[in-house]
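Q: I am new to this structure and would like to learn how to read its charged pairs. Please go through them step by step.

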Amino acid sequence: MPVARLRRLPAINLLRSLCLLLLSFNALSAEPDYTEEDHILLGIDAVYDSGLYQAQDGFVYPDINFDIRLGKIFAKGSTFGYDLFEGSRASFSLAVTRGWHFLDLDTINDPNNPLYYGLEDRERAIEAGFIYKYRSRVGLVSFEYYKDYSDAHDGLRTVFRITRPIPNNGGLVVVPSLFVNYYSREFNRYYYGVTAEENNRAIQKAYGIVNDTTRDRYEKTRTEYKPNNSAQLGVDVNLRMPLSDELSVTGYLSYEDVVGGAFRSPLVEDRKYYQAKVGLAYTF
C-alpha cells in the first residue's frame with residue numbers, strides 16, 4: 001500500500017467537544033428529515049491515519065468513497081448494503097464492508113526495528129453483517145454488527161452510533177456522531193497481539209538460536225501478548241461542500257480513545273487514534 005509520511009497531528013480533543021456540542025444543540029431543533037432520494041456519488045479520498053503502532057508516524061493513503069442509494073440498495077464509505085425491512089422509523093439491512101484497521105510494516109520508521117522481527121502485515125478485513133437503524137426525533141440511532149469472512153482477524157466488531165444531521169439548504173452538509181466500537185478477542189489478537197511463534201521467529205532472527213537465554217534477552221524488547229475484547233468511545237463528523245450540481249468536496253474527521261486490550265499491546269504506542277479524509281466526489 002503506497003504511503004506518504006507526515007508529522008503526527010496534535011490530539012484533537014477539540015473535535016470531540018465540537019461534535020458533542022453540535023449533537024446537543026441540534027437535538028433541541030426540529031426532527032431531522034430522513035428522506036433520501038436515489039443518487040450515486042463516487043469519490044476519491046486522501047486518508048490521513050495518525051498511526052497507533054510503535055515507531056509509526058502518521059501516514060497518508062488513497063481510498064474510494066461511495067455514497068449511493070438505489071431503492072433498497074445503498075453504500076456509505078466502504079460499506080454496501082441491502083434493506084431487508086424498512087418501516088416508518090426502523091430499518092434492518094444486510095451489509096458488507098471493508099474494515100479500516102491494518103498494519104503495513106512499510107509505514108514503520110525503521111524497517112530493522114527489532115520490535116517487528118517475525119511479524120507480517122495485518123490486513124484490512126472484508127466483513128459481513130447487518131445494520132439496524134432507528135430514526136428517532138432526536139437523531140439517527142444505529143447498531144452495526146460485522147464478522148470477518150476474509151480470513152484476516154476471524155473475529156467480530158460492532159458499532160453503536162447516534163447521528164444528528166445538520167441541514168443547510170444546499171450548502172455545507174455537517175453530520176456529527178457519537179459512537180462506541182466493540183472489538184472481539186480475535187480482532188484484538190490479530191491486530192495487536194503477539195504469538196509465541198512470532199516471538200520464536202524474532203529470536204531466531206535476532207540471535208540465530210532460540211533458547212532460554214536468547215528468549216529472556218528478546219522479551220525485554222517484546223513479550224507475547226494475548227488481549228481480550230474491548231470497547232472504545234469516539235466521535236466523528238462527515239462534511240460535504242457542493243461546488244456544483246455534480247461536483248463536491250468531501251471531508252471526514254474522527255477521534256477514538258484506545259483502551260484495554262489494544263493500548264496494553266507492546267506494539268501500540270498511542271492512546272488517541274484519529275483519521276482525517278479530504279476528497280473530491282462526483283454525483284451522477
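A: Begin with two residues: D83 is buried, and R69 is buried too. Buried means under 20% relative accessible area, exposed over 50%, and partly exposed in between (1.4 Å probe, protein chains only). This is a predicted model, in which local features need pLDDT of at least 70 and side-chain atom pairs count only at pLDDT 80 or more, while totals for chains, interfaces and linings use all residues. Residues are numbered from 1 along each chain as its sequence is written, and side-chain values use heavy atoms, with hydrogens and water left out.

Q: What do the side chains of D83 and R69 form?
A: Side chains of opposite charge can pair when their charged atoms come close. Here D83 and R69 meet in a salt bridge, 2.7 Å from N to O. The term requires a side-chain nitrogen of Lys or Arg within 4 Å of a carboxyl oxygen of Asp or Glu. D83 belongs to strand β5 (residues 79–86) and R69 to strand β3 (residues 59–70), so the pair ties together parts 14 residues apart in sequence. Strands (E, at least two residues) and helices (H or I, at least four) are DSSP runs, numbered from the N terminus.

Q: How many salt bridges does a search of the whole structure find?
A: The search finds nine. One of them joins D236 and R161, with the closest N and O atoms 2.9 Å apart. Because D236 lies in strand β11 (residues 230–242) and R161 in strand β9 (residues 156–163), this pair ties together parts 75 residues apart in sequence.

Q: Are D236 and R161 buried or exposed?
A: Both are buried.
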